[in-house]
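Please consult the sequence and the structure shown here while reading.

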Amino acid sequence: MALAISMEGIEARARELGVDLSAVDLDSIALPAGEDFGILSDDEEVLHSEDPPELEMGLSNIIVVDNLPVVPPEKFDKLENVIRKIYSQIGVIKENGLWMPVNPETKKTYGYCFIEYNTPQEAELAREKTNGYKLDKSHIFAVNLLDDFEKYMKVPDTWTPAEIKPYTAGENLLKWLTDEKARDQFVIRAGTLTEVYWNDARKLAPELVFQKQYWTDSFIQWSPLGTYLATVHRQGSQVWGGENGFERLMRFAHPMLKMIDFSPGERYLVTYSSHEPSNPRDTHRVVLNIFDVRTGKVMRDFKGSADDYTTGGNIGVSGVSWPIFRWGGGKDDKYFARLGKNIISVYETNTFSLLDKKSLKVENVVDFSWSPTDPIISLFVPEMGGGNQPARVSLVQIPGKEELRQKNLFSVSDCKMYWQNSGEYLAVQVDRYTKTKKSTYTGFELFRIKERDIPIEVLELENKNDKIIAFAWEPKGHRFAIIHGDGPRPDVSFYTMRTANNTNRVSKLTTLKAKQANALYWSPAGRFVVLAGLKGFNGQLEFYNVDELETMATGEHFMATDIMWDPTGRYLATAVTSVHEMENGFQIWSFNGKHLYKVSKDHFYQFIWRPRPPSLLTPEKEEEISRNLKKYSKKYEQEDQDAYNQLSEQDRKRRTQLQEEWDSWVAKWKQMHEEERSYRMELRDGEASDEEEEYEAKEVEVEEVVDVCQEVLAFDLDQE
Amino acid sequence: MRPILMKGHERPLTFLRYNRDGDLLFSCAKDHTPTVWYADNGDRLGTYRGHNGAVWTCDVSRDSARLITASADQTAKLWEVSTGKELFSFRFDAPARSVEFAIGDALAVITTDNFMDHVPTVQVKHIAEDIDDQTDESALVITGIKGRINRAVWGPLNRTIITAGEDATIRIWDSETGQLLKESDKESGHQKTISSLSKSSDWSHFITGSLDKSAKLWDTRTLTLIKTYVTERPVNAVDISPTHDTVVLGGGQDAMNVTMTDRRAGKFEAKFYHKILQEEIGGVKGHFGPINALAFNPDGQSFSSGGEDGYVRLHHFDSDYFNIKMLFETQLVQFLGSYVAG
């Protein structure tokens, strides 16, 4: 230890400083109380609150293989060779790392062996791969980690009833919803700081709720109902929330964590990590854990090579499309599914195992998506056999796995599925090849899920060659908007699934020509949509009322990269994140396009509104409120007015004060200026002074000959 | 009103100066040739030829008879305003950066850059009434400042000299003895190079612009920090309105960082702030590059800006501008957007 200082060293130092050591009474030095002298270290909390850190036992790289054949000495070498062959495929067995004990009496093996690998990872992999390996009919390997043995040995043989702890009420995780002013929260990440704010639109400024430096290692995410804020670290994920702001509620250990995903009802958290192969023989492995958010227990883990998890879909972050598991069945978190090669594996959360113990077989399936509310899967199979087998979109009911509806499509190049958020409609955007196969055109297949037999309608744009730039359903509504067209100024069209005389035909509401827009953002409450021109359009915004079919306002947030509605549809946030070097920060707008306030932050990474759980009001009650809006709004208008008055009163005071301070400065300066007048005159050789009125303006025209010169200019007459 | 575009310089503008009457506007640029314009309509009146390097600053005497210019060719020159005749040339060992006449026009303060082995200096020269008596001698030389001095101006009654520059510190010196009297506070002062300094019309306070994206207002006598104006861009130029409670800030990202995508990206705006409330009240767009120079006309009715793009833009204020002042005076809480035609 470098800290160990020899006594001679101390004495030498004391001599240097001229201190008489014998005169120093060490006992008289009163150290502050406590082991840490009252100085808290950063990791104190971790040290005391957690279980003592797990020590490397040194046995985690050893596996035990059971159910081997019991062989006499003459067959020993043969068996050993077989085992070595099997297990050296998985990893490097240490020198003398294979030990098969022999019964000294019978000279036969016991039927088990120990294998020591170089790394615990290899051992873990070997366990996974060969547990249940059939050597022959009667010898099915049972493979365990040596460490696990110890664990299993400790399991008591007699059953003792579980201790039932008395119920203690948890804290109110939904406290933020009870804000008196019914404000919404948002979280931002800028630089190393993560901050949660109230959006206080009345004060035209955000109000800080909580802030923390280095809160997360990579990103932050709200759970879908807004209860938790999840942070991501190398060691795993943590969720924060609770009554008193943001306390740690749970940790989820997952080394090298890369991605997280909540189930829609936020009961489960899926964590994902991928591990690069350490040597060429290894495969790229991925590890997925599904945690129960409230208890922190791992409900199921998935491990495998990355290839198994990259089939189908578009390749997203680090080779897999995220989320790998897509949750279905609405807010109950009943099912989750993943796309595999020719299969869709649907799991249920009761048992965390495959539904009916087998995957849904669909040849060549490339994409699927869940209805947001019902356990219905829509899936897409592309054209096969050079067009002999048509492409297909079908709807499959879970758990019955029966096909509700299917539609064959011809000469399809690509297909995208858009569910309306209350699960009433499904729009399938189909890109088809033209006859020459040189270009594509786009149409929509619209499914009415809630009607009998699920009728399908085909919608084609007036100009078939228009490219579809964006498509979006009105949340909770029956309308959708499409941005379409070629060239720099596309058109925006609005359609409705309902018509006046209830013919149930899709019909167009209007088309807005030549808009600077490439993205659509519907208000979560429907009715309003923001047409945004991001990227190339530099952040143009148009606030459009679809009920009245009129533009409410236009605006611009220069270079805006992200646009987010607050969960109530009252405010809109536009942000420039650090993809741009300049202009970082966010702006808040009212739903009708009034610019409210702006906050600049350098190195701005994330802005996320805190989601709200769905309203508990019945549709009837909601309708009643919207009918009597005037009555209800009166109270809030008064509050608004009060807040505004207070604000302007404060502001007025501040301004008056500033003005007064300034006036005192000016008075002082005036006085000094007066005092110095005579000196100034002196400096100017008695010239009157600097005041304007002291000289009179006289119009005098002075002509001065500056220069007279004669130049001989040569004209070239031949030239024109 | 539409701004008047004055194209006469071939290189980026460096400095703008109105004469006392406000009828002439002198402009300096990196193209060696200071130019004088009619401040009313933007007509070019003449040029001053003779420099052999970028011209950094200039000043004009109270009677508008003489012009003094400081140039990177290691000279400062005295000119006859009306004829464009070079009267005298002060030689230095290093580029001359800043220049200003004292009250009475009998003295001028000139700064030189740190160049090769030479440290930056502040020098005071006597300006002879009769040009034949003019000498090259310095009445005072101040050294001891580290980093380039971007601006040196006279304090009240020529008793002090105020310097500001690369080391982000403002200093007040005794103009007789060359003693350092005051230094701005490191904490509350600027954090990066001070690019510009401009005095109020009565010399009682002055404003400094800095690359730390702020401008600050100081008391000339006590060097007390009075106001801070925060903006989003490095500030290259500042000025104080002689008649209204407004200040103007100009700048933009470094010329070398300007992307070619969109000129709005660079924020090459002249931004107006309320002097007392420190609130932004408007902006004037138009330049294709950072703004390097700003000046209010002494009558307060117009201002001009000079940019890296080589243009001088002359703006006459709309009536809105004058109404705005009224709004603030009646304490109306109203935030107004861009109010000057741009």
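Which residue lies over the face of Tyr311(B)? Lys7(B) does, at 5.2 Å from the ring centre. A charge counts as sitting over a ring if NZ of Lys or CZ of Arg is within 6 Å of the ring centre and within 35 degrees of the ring normal. In chain A, the charged end of Arg610(A) sits over the ring of Trp176(A), 3.8 Å from its centre.

The model is predicted, and local features need pLDDT of at least 70, side-chain atom pairs count only at pLDDT 80 or more, and totals for chains, interfaces and linings use all residues. Residues are numbered from 1 along each chain as its sequence is written, chains are lettered from A and ligands numbered from 1 in the order in which they are written, and side-chain values use heavy atoms, with hydrogens and water left out.

**Aromatic pairs**

Over all chains, 51 aromatic pairs are present. Rings of Phe, Tyr and Trp (its six-membered ring) pair if their centres lie within 6.5 Å; planes under 30 degrees apart count as stacked, over 60 as edge-to-face and the rest as tilted. Two of these pairs are tabulated.

| Pair | Centre to centre | Angle between planes | Class |
|---|---|---|---|
| Phe252(A) and Phe291(A) | 5.0 Å | 55° | tilted |
| Phe272(B) and Phe296(B) | 6.2 Å | 75° | edge-to-face |

Phe252(A) belongs to strand β13 (residues 247-253) of chain A and Phe291(A) to strand β16 (residues 285-292) of chain A, so their pairing ties together parts that are 39 residues apart in sequence. Strands (E, at least two residues) and helices (H or I, at least four) are DSSP runs, numbered from the N terminus.

**Chain B as a whole**

Chain B has one helix and 28 strands. Of its 342 residues, 62% are buried. Considering contacts (heavy atoms within 4.5 Å) between residues at least 6 apart in sequence, 44% join residues at least 24 apart.

How values were computed
Buried means under 20% relative accessible area, exposed over 50%, partly exposed in between (1.4 Å probe, protein chains only).
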